[in-house]
Amino acid sequence: MFPGGGPSGFPGQGGGIPGGGFPGQGGGIPGGGFPGGGPGGPGGFPGGGQQGGGAPTSPPPQFTPQETQASLYAVDPGGIRRCLYRYTYVWLENGRSFWYFPTFVGRNSVAGWRWRRRWGWVYFGIDLRQIRSFQCF
């Protein structure tokens, strides 16, 4: 289970993938999930948990990009996949924004590490429909 998450969706979200939960976490996409079982499950992170699936070892860049400077790519798996394992700034439809380090892209969702000043990198998944725009560095 993700911190702050519930059986119906992603952390801080009221819904999520039909069937509830994040892929590989008891519901969601039939037969889907993280390769290797997902965080906390058998195998750990995508790729078996050995390389590249963990949190970054340093904080994100100290600047906050302007959304008007961001290239507005279609928020689909192909668009955000190029940001895997890169510092990425994300703007959500609800007006929130944050630094993110994606490590998994599914058909309708992305998972990775969200920067929380108080707690550092926290594992976080979100539905692609909730992302307004993003920019990777």
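Mentor: Before we start: a helix here is a DSSP run of H or I with at least four residues, and helices are numbered from the N terminus. Also keep in mind that this is a predicted model.

Trainee: Okay, so which element holds Pro77?

Mentor: Helix 1 runs over 77-81. That puts Pro77 in helix 1.

Trainee: Is Pro77 buried or exposed?

Mentor: Look at what's around it first: Pro77 touches Val105, Gly106, Arg107 and Leu128, leaving out residues up to four places away in sequence. Buried means under 20% relative accessible area. Pro77 has 19%, so we call it buried.

Trainee: And how far apart are the C-alpha atoms of Pro77 and Asn108?

Mentor: Along the chain, these two are 31 residues apart.

Trainee: On to the rings. What kind of pair do Tyr85 and Phe101 make?

Mentor: A pair of aromatic rings is described by the distance of the centres and the angle of the planes. For Tyr85 and Phe101, the centres are 6.4 Å apart and the planes meet at 70°. Planes over 60 degrees apart count as edge-to-face, so this pair is edge-to-face.

Trainee: Which parts of the chain does that pair link?

Mentor: The two residues are 16 apart, and the parts they link are distant ones. They are the loop between helix 1 and strand 1 (88-92), which holds Tyr85, and, for Phe101, strand 2.

Trainee: Which residue has its charged end over the ring of Phe124?

Mentor: The distance to the centre of the Phe124 ring is 4.9 Å. The residue in question also lies over the face of Phe98, at 3.9 Å from the ring centre. It's Arg114.

Trainee: Which elements give two or more residues to the lining of the largest pocket?

Mentor: That pocket holds about 380 Å³ of space. Its lining has 14 residues, and the closest to the centre are Ser97, Phe98, Trp99, Trp115 and Arg117. The elements you want are strand 2 and strand 3.

Trainee: Last one: where is the pLDDT below 50?

Mentor: The chain averages a pLDDT of 72, with 57% of the residues scoring at least 70. Where pLDDT is low, the predicted coordinates should not be read in detail. The stretch below 50 is residues 1-52.

Terms used: Residues numbered from 1 in each chain as written. Predicted model: local features only at pLDDT ≥ 70, side-chain atom pairs only at ≥ 80, totals over all residues. Heavy atoms only, no water. pLDDT = per-residue confidence, 0-100. Contact = heavy atoms within 4.5 Å. Phe/Tyr/Trp six-rings, centres within 6.5 Å; stacked < 30°, edge-to-face > 60°. Lys NZ or Arg CZ within 6 Å of the ring centre and 35° of its normal. 1 Å grid on protein atoms, 1.4 Å probe; cavity = no way out; pocket = protein on both sides within 12 Å on 5 of 7 lines; lining within 4 Å. Points joined across faces, edges and corners; volume = space filled by probe spheres on them. Buried < 20%, exposed > 50% of the residue type's maximum accessible area, 1.4 Å probe, protein only.
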